Amino acid sequence: MQILLLVGLAVAGLCLASLLALVLATSVFGLSMAQFGELATTPERVPNGWAVSMLLQGLSLAGLGAGAAVLPLVLRTRTQPAERYFAPRPLRQAWWLGAAALLILVSAPMQSALVSWNAEVHFPAFLRDFEQWARDKEDQAAALTKFLTEFTTSARLLVGLLVIAVTPAIAEELVFRGVIQRNLVRWFNSKHVGVWLTAALFSAAHLQFFGFVPRFLLGLILGYLYEWSGNILVPMAAHFTQNAFQLLLLYLAQGRQLPSSFDPDANQALPWPAVLLSTVLSAALLYTLHQRMAATPPLVADPDSTSPLR
């Protein structure tokens, strides 16, 4: 029921956000309805296309996150205060946020190997039509992403960080970890089933099948960080770091402040020693975080469960 409520609230939030984006695009930037409709396919041909696209992206994600944020208010009872819904456990240790961010940075070389492998995956012959459709969608998404991440000025970078790093870190974590994973864990009575199913849904929702595996791994990391810590701020910090790090690399590369041989847009794996070291360090950091977070006694029990999150 909570997931169904989330869907309804999220759809309402997206509709209201899209309407607001349309009003602002027409009143502030003077776009027509036809031009507004072209943003998804040829935003470079639309006057002020970059600014309007960022506005639409940011408001859409904000609407999605607002729908999830309203859910605890709808479900609020005496035994389930709204402020405890996304954080059954208080953030007892501030260093958890830094450690979550560090984990993302340390795992980057390992993720590069998965990105490279997944980009070259081919489906069986009977799925040839699906593969072609998926690659077309991938190319469209890549073209839009390249357009949105053309940071010709530092002001554009700041807007990009707000729209592509901050907003998704809040909105997507509220939706996927805060609501969907929380309820799937209760439904199946298994944190592992809940985390893995949510990670699969999180990756599939992006509709980029040739990046499914690395995004699925990211979903697992975010999911277990939430399960272990019991506080939504921890996966939010990791999610923000993932997106912000990629944006900063693009900005530095576009400003020719990185070696010319390095291309952040390329699906190329880093050298295997770096990948191996990254894998070992990531596993060690995950183990350490699990031990430390699980050892911290919860101050607030999860009102939806007979036992606190572990």
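Predicted model: local features only at pLDDT ≥ 70, side-chain atom pairs only at ≥ 80, totals over all residues.
**Entry 1: salt bridges**

I searched the whole structure for salt bridges and found two. I kept in mind that side chains of opposite charge can pair when their charged atoms come close.

I looked up Arg135 and found its side chain joined to that of Glu131 in a salt bridge, with 3.3 Å from N to O. Both residues belong to helix α6, which covers residues 128–148, and because they are four residues apart there, about one helical turn separates them.

I turned next to Arg177, which forms a salt bridge with Glu173, and I noted 2.7 Å between the closest N and O atoms. Here the helix is α7, residues 154–188, and the two residues are again four apart, so that about one helical turn lies between them. Arg177 and Glu173 are both buried.

**Entry 2: a nonpolar patch on the surface**

I asked myself which residues form a nonpolar patch on the surface. The patch consists of Trp187, Phe188, Val193 and Leu197, and together these have about 420 Å² of accessible area. Helices α7 and α8, the latter running over 191–204, each supply at least two of the residues in this patch. I picked out Val193, which has its place in helix α8 and counts as partly exposed because its relative accessibility is 33%, between the limits of 20% and 50%.

**Entry 3: the loop between α7 and α8**

I stayed in this region to look at Asn189, which lies in the loop between α7 and α8. The phi of Asn189 is near 55°, a positive value in a residue that is not glycine. I noted this because most residues other than glycine have a negative phi. Asn189 is exposed, with 70% relative accessible area.

I also looked up Asn48, for which phi is near 55°, again positive in a residue other than glycine. Asn48 is found in the loop between α2, residues 33–37, and α3, residues 49–75. With a relative accessible area of 45%, Asn48 is partly exposed.

**Entry 4: helices α9 and α10**

How do the axes of α9 and α10 cross, and within what distance do they come? The axes of α9 (residues 212–229) and α10 (residues 233–254) come within 8 Å and cross at roughly 155°. The angle makes α9 roughly antiparallel to α10, because it is over the 145 degrees that this description needs. On the α9 side the contact is made by Leu218, Leu222, Leu225, Tyr226 and Ser229, and on the α10 side by Val234, Pro235, Ala238, His239 and Gln242.

**Entry 5: Asn118**

Is Asn118 buried or exposed? Asn118 is buried, with a relative accessible area of 4%. Setting aside neighbours within four places in sequence, I listed what Asn118 is in contact with and found Phe209, Phe210, Gly211, Phe212, Val213 and Pro214. I also took the separation between Asn118 and Leu64, which are 54 residues apart in sequence and 28 Å apart in space, C-alpha to C-alpha.

Key
Residues numbered from 1 in each chain as written. Heavy atoms only, no water. Salt bridge = Lys/Arg side-chain N within 4 Å of Asp/Glu carboxyl O. Buried < 20%, exposed > 50% of the residue type's maximum accessible area, 1.4 Å probe, protein only. Patch = residues over 30% accessible without salt bridge, like charges linked within 9 Å, V, L, I, M, F, W, Y side chains within 5 Å. Areas by Shrake-Rupley, 256 points an atom, 1.4 Å probe, with all protein chains shown as cover. Axes fitted to C-alpha atoms, helices over the stretch in contact; angles between N-to-C directions. Parallel < 35°, antiparallel > 145°, perpendicular 65-115°, else oblique. Contact = heavy atoms within 4.5 Å.
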